[in-house]
Amino acid sequence: MFDTRKIFSIASGADFDQAALEVFRFQAEACTPYRDYLELLGIDPAGVETVEQIPFLPIELFKSHRVYSGSLPPQQVFTSSSTTGQIPSRHYVADLAIYEEAFTRAFELFYGPAQNTAVFALLPNYLEREGSSLVYMVDALIRKGGGGFYLHDHEELLRDMAAHSGPKILLGVSYALWDLAEERPGPLHGTIVMETGGMKGHREELPREEFHRLLCDAFSVPSVHSEYGMAELMSQAYSSGEGLFRTPPWMKVIVRDLHDPFGRLLVGSTGGVNLIDLANLYSCSFVQTQDLGTLYTDGSFRIQGRISGSEIRGCNLLVQE
């Protein structure tokens with residue numbers, strides 16, 4: 001068993017690199033799709049000596065393969081949301097305690113102790129969307145700090161938020177926040193408004209700046225926070241405004257060249273987003289996503305949208321088998 005304390009105690013770049021190489025060597029042997037992918041690429045894991053040499057697994061493989069490094073049956077399988085006809089991604093979670101530690105530590109890094117902040121969620125509850133990692137996370141945060149799920153009851157939501165005197169977050173998928181904003185509920189004083197993305201065909205897609213301005217005007221808040229996560233990851237990045245995200249210490253963003261999936265771009269350039277999430281210990285920590293992003297010198301990043309034609313991309317050798 002890998003000692004997860006090494007992951008959650010990372011305090012420097014050197015700590016991260018050492019842990020990342022150890023996780024890579026473990027997953028290169030224990031995760032069958034990743035092992036097969038490395039073999040197809042002609043990469044000998046023993047010859048990988050730096051983090052920069054580690055290949056990233058195309059995220060589509062979470063749809064077509066069992067991306068799993070655990071020796072025991074998984075405790076949970078999280079699934080991505082998908083439109084009709086699409087195959088959802090599946091993330092096999094060996095140990096829910098690792099997921100709970102990852103999302104709690106990340107949340108508290110940016111927002112303080114979870115027990116001190118109530119989360120009012122414009123999301124389906126756990127019974128309505130059992131396989132959602134986001135709903136699982138929010139349900140746990142609500143149990144720690146209070147709040148609740150209110151996707152279909154705006155009147156009760158606003159009443160309960162007004163009655164709560166402590167720190168609070170209104171968190172929701174984008175279309176649900178837009179629905180509430182159209183009702184002009186008045187100023188949400190003392191509230192952080194946080195969107196998690198996801199129009200999912202319910203609404204037209206707006207540029208992030210325009211959508212956030214709409215929410216700021218409707219709720220009289222200075223900025224809109226954002227959460228960046230996905231079913232295939234155990235960790236989340238957060239933005240306190242203007243779409244500028246930051247990661248916890250065990251998570252890192254790399255931007256790749258869209259014309260060369262193994263080529264890394266300099267900071268300030270825009271390209272495909274690769275993610276290292278060391279909390280993905282028992283699946284795969286090195287994921288090539290379908291997102292387009294820009295990385296900055298301090299490690300923060302922006303998501304600029306999706307890569308055009310991203311259903312098949314990169315050196316997706318296994319997907320095309």
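**Entry 1: the model**
I note at the outset that the model is a predicted one.

**Entry 2: helices α5 and α6**
I began with helix α5, residues 96-111, and helix α6, residues 133-145. Their axes lie 11 Å apart, and the helices pack at an angle of about 65°. Angles of 65 to 115 degrees count as roughly perpendicular, and α5 and α6 are therefore roughly perpendicular to each other. I recorded their crossing as right-handed.

I then listed the residues in contact. From α5 come Leu96, Tyr99, Glu100, Phe103, Thr104 and Phe107. They meet Ser133, Leu134, Tyr136, Met137, Ala140, Leu141 and Lys144 of α6. Sorted by class, this contact holds nine nonpolar, two polar and two charged residues.

**Entry 3: helices α8 and α9**
Next I turned to α8 (residues 174-182) and α9 (residues 208-219), whose axes come within 10 Å and cross at roughly 40°. That angle makes α8 and α9 oblique to each other. The crossing in which α8 passes α9 is left-handed.

On the α8 side I found Ser174, Leu177, Trp178, Leu180 and Ala181, which meet Phe211, Leu214, Leu215, Ala218 and Phe219 in α9. The contact of α8 with α9 has nine nonpolar residues, one polar residue and no charged ones.

**Entry 4: the cavity**
How many cavities of 30 Å³ or more are there? I counted one. The largest cavity has a volume of about 50 Å³.

I next asked which strand gives the most to the lining of the largest cavity. The strand is β3, residues 90-93, with three residues. The residues that line the largest cavity include His91, Tyr92 and Val93, together with Ala94, Asp95 and Ile98. Met234 also lines this cavity, as do Ala279, Asn280, Leu281, Tyr282 and Ser283. By class, the lining has eight nonpolar, three polar and one charged residues.

**Entry 5: the second largest pocket**
Last, I examined the second largest pocket, which holds about 320 Å³ of space. Its lining comprises 19 residues, and those nearest its centre are Lys252, Val253, Ile254, Leu295 and Gly299. I found that α2 (13-30) and β11 (251-257) each supply at least two residues of this lining. The largest share, five residues, comes from β11. The residues of the lining divide into 12 nonpolar, four polar and three charged.

Notes
Residues are numbered from 1 along each chain as its sequence is written. This is a predicted model: local features need pLDDT of at least 70, side-chain atom pairs count only at pLDDT 80 or more; totals for chains, interfaces and linings use all residues. Side-chain values use heavy atoms; hydrogens and water are left out. Axes are lines fitted to C-alpha atoms, for helices over the stretch in contact, and angles run from 0 to 180 degrees between N-to-C directions. Helices (H or I, at least four residues) and strands (E, at least two) are DSSP runs, numbered from the N terminus. Angles under 35 degrees count as roughly parallel, over 145 as roughly antiparallel, 65 to 115 as roughly perpendicular and the rest as oblique. A crossing is left-handed if the near helix is turned anticlockwise from the far one by less than a right angle, and right-handed if clockwise. Contact means heavy atoms within 4.5 Å. Ala, Val, Leu, Ile, Met, Phe, Trp, Tyr, Cys and Pro count as nonpolar, Asp, Glu, Lys and Arg as charged, and the others, Gly among them, as polar. On a 1 Å grid over the protein atoms alone, a cavity is a set of points where a 1.4 Å probe fits but cannot get out, and a pocket is an open set with protein on both sides within 12 Å along at least five of seven lines; lining residues have an atom within 4 Å of a point. Grid points are joined across faces, edges and corners, and a volume is the space filled by probe spheres set on the points.
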